Amino acid sequence: QKIIYLQDYKPSDYLIPKTEMWVDFTPERTRITTDLHIERQVGVEDGTPLELDGEHLELVSIAIGDEVLGAGQYELSESGLKLLDPPQSFVLSTVVDVEPEKNKSLEGLYRSSGNWCTQCEAEGFRRITYFLDRPDVMSVFTVKMVADKDLAPVLLSNGNPVDSGEMSNNRHFAEWHDPHPKPSYLFAMVAGKLDKISENFTTKSGKKVDLNIYAEPGKAELCRYAMDALIRSMKWDEERFGCEYDLDVFNIVAVSDFNAGAMENKGLNIFNDKYVLADPATATDQDYALIERIIAHEYFHNYTGNRVTCRDWFQLCLKEGLTVFRDQEFSSDERFRDVERIDDVKGLRQSQFVEDSGPLAHPPRPNQYEQIDNFYTTTVYEKGAEVVRMLMTLLGKETFHEGVDLYLERHDGEAATIEQFIKCFEDVSKRDLSQFQKWYTQAGRPQVSYTTAYDAESKQFTLELKQTVPATPGESEKSPMVLPIKFGLVSNNGDDLGWDSVEGAEVRDDLIIMDKEDVTVQFHGVSSAPVVSLFREFSAPVTIQTKASLEEDLHRARLDGDPFNRWESLQSAILNIVSPSMAVDGPALDLDLLDQVASALSQTLDSQDMSPSFKALSLRLPNYQDYAQRVGENINPDHIKSIKRDVDRAIAERLRGQLVSLYSALHLPDEYEPNAEQSGMRSLRNQSLSLLAALNDKQIFEMVETHYNEAQNMTDRQAALAIMCAYAPDRAEPLLAHFKENFAEPMTVFDKWLSLNASIDDDRTIDRIHSLMADDRFSLETPNRVYALFGSFTQGNPTQFAREDGAGFDLIADIIMHIDKFNPQVAGRFAVAFRIWKNFESKRQNAARTALERIRDMENISPNLSEMVNKTLE
Ligand code: HT7
Ligand code: ZN
């Protein structure tokens, strides 16, 4: 396969400042007529050919101006169209036919529930017409769409509506004009039968914007929460980042067939409907929070991504990392900041840390790829966001915002690079950020160790810090990173101690800036021996290798002024106690040590200062992945799972009374609201019940059944089912049947039912999955079904996915190979499930390797899947 290198980037020889399209939708095919106004760049030689991208297109005609082109003037191939000797400035007219009905890849133009829609990022526009399909070629688009009035009463594209009207033969048209030059990946069209809800928003400068959310017929009322989230996002972006919406309308369309979560097309966001549709009977608190976040994320792209886009796909995290950071900040401002931060870090550790430690490790700004679709990774998104967060920590909030303002102003309407982004922060802060930039270009995560010493006589506290960055595939030599370390010196009573002077590193208030491999920081005038609290708020994405003593962990868990480290220390206390027993031949678990953890946890649960959501998070004891990451290699999932059960049970035994009264005493208002306060309370009740279920006690299971039967919303109902599936599969079966019968009519709920079934860990799991696939409503062609069933299996059922007999790996390999034939993006994404294969003990490793090799050797494997599997096997 062809590898694309960052260093080979070259600006395009030709630009397309203006694009006009006429799109004629009929059930059999869609005919697309395009006029490209093309200019050769100054300095490019006469006779330089122009290579337009184009795939799966049937060329009907081609002309330059009035002259129809003949053979000899252009060459056609599977990947595009080459004009051999184009003039300096000209209009190229093409007519192509495409067949959306047959397009199951969900890239380009396709049909979802009969409606036409598009997905162009990253390289889908080339399936719609011939174009320079690269992000640094920006064009002003005008699109005229024509369709049958009954088949497609709604016709939408980017920008503002400029004209519409009736035509003969029951046909009608709509014309859209987007005044903002944009790359082709932001192009979108939707044509079909859709209902909508509408609101309007007045921007800070007084401009009125029409807001519409469209959904399949009958589903529009389920878009109310998404609309509310959109309005809050628009307001927040004005207040926090000064970004004001820049078109007359903003449309969102929810479709049921979509490879990813959503797409930020200019003025016409297209969403996977599971991130739009919600009501209390069908959506959980978590669904609501995700909807809020994804609506915000796509909206925020209007500036970070659309107004300033990426020069090339290597710069993907320029828009994605920054926009994830922005959506995280939005959620933190709208909900509980501490809890959001903990949740985000849990997510980062569970996905990005795993990616970083395995065969698919890469920097947030990679320098080579085969298929860009495979680089929409957690490293680009979530680690990219952490890097932006570190910039804010390093420079301070005010200077950081000056830097973002400068970036949005300096590069407005441009396609930018990471270097240009960093330069804006250098300019406003007058700081050299060249070493900081390594966060973008170096893969892997620093491992930090530390020692402390306190001299009572001299009142001197010494902190020695060391960082190493482990080798990652293709990168053996690593240099030290800049680490912004937020910290505190926690005294006996929990207050932070001060100091008179400090030397050895740059220390600003509660921030140490570590930019070398080793640093010794000396604090003078520290009045008593502190317990050091490092990386408060998780101020840098590192792993701390030093194992704190149980006393230190518990001190921080009880008293640290930073909620993140309070939470972290309790988790770390448990993992430290358990880790010697996690090796298969390790010593038996010393359950008595958990007494002290249980008492610290109990104190948190009793505390008046902590919110219910924070308490709920504390009750989520380390999960399978947390344990597996500690073990690192030679993993036997059954062993890990049994240790986890012992730990959960031991803590539940010690807290039984308190958990029962928490569950019973918490009363929620009658009316369901998906806000942070209420969802925190529900979460605390459900977590209490979940931990109690670890007792494996009939009485508790009866409580869970009652919880299910009395549930007034999907959050509680699903929580009860999840607990039963995890702890008592036999008792779960009748509940699951009841759930399917009574609640699973909407596909979003059917998907929950699939996921719950696939999470059950017993000998019948694989057979169960086969029978779920035979359900009339299941289809491998619909990504949401696939993610629900197999995502839950690979992520949420590690013991069955990694069965010793290899049946779990085989099942997933079969599914991937099947899907690859029509949807390589989804197949490539699913191959990620195998990235942990080398961490297993040898039997499971062999089974996984066999499954991977079977995929690698399949006939006609797609380039997407081939890249993923080969890298995973390397
Ligand atoms: N920027 C969007 C990415 C996306 C995507 C990428 C590859 C294949 C299909 C896709 N659909 C959407 C979404 C986002 O990050 O906001
Ligand atoms: Zn994004």
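Predicted model: local features only at pLDDT ≥ 70, side-chain atom pairs only at ≥ 80, totals over all residues.
Local features need pLDDT of at least 70 and side-chain atom pairs count only at pLDDT 80 or more, while totals for chains, interfaces and linings use all residues. Residues are numbered from 1 along each chain as its sequence is written, with chains lettered from A and ligands numbered from 1 in the order in which they are written.

**Exercise 1.** Work out which strands stand at the edges of the open sheet.

- Start with the order, S6-S5-S9-S3-S2-S12-S15-S14, with mixed pairing. Strands here are DSSP E runs of at least two residues, numbered from the N terminus, and two of them pair if DSSP finds at least two bridges between them.
- Next, look at the ends: S6 (67-68) and S14 (160-166) each have a single partner strand, so one side of each is left without a neighbour in the sheet.
- Now zoom in on S14, which pairs with S15 (residues 171-183) in the antiparallel sense over six bridges. Ser-164 has Ala-174 in S15 as its bridge partner.

**Exercise 2.** Describe the shell around ligand 1.

- There are 15 residues around the ligand, and Glu-121, Asn-259, Ala-260, Met-263 and Tyr-376 come nearest.
- Strand S20 (262-263) supplies at least two residues of the shell, and so does helix H2 (285-300); a helix is a DSSP H or I run of at least four residues.

**Exercise 3.** Find the contacts of Val-253 beyond its neighbours within four places in sequence.

- Contact means C-beta atoms, placed from the backbone, within 7 Å.
- On that basis, the partners are Cys-117, Leu-156, Val-190, Leu-194, Tyr-214, Ile-270 and Phe-271.

Technical notes
Near = placed C-beta within 6 Å. Contact = placed C-beta atoms within 7 Å.
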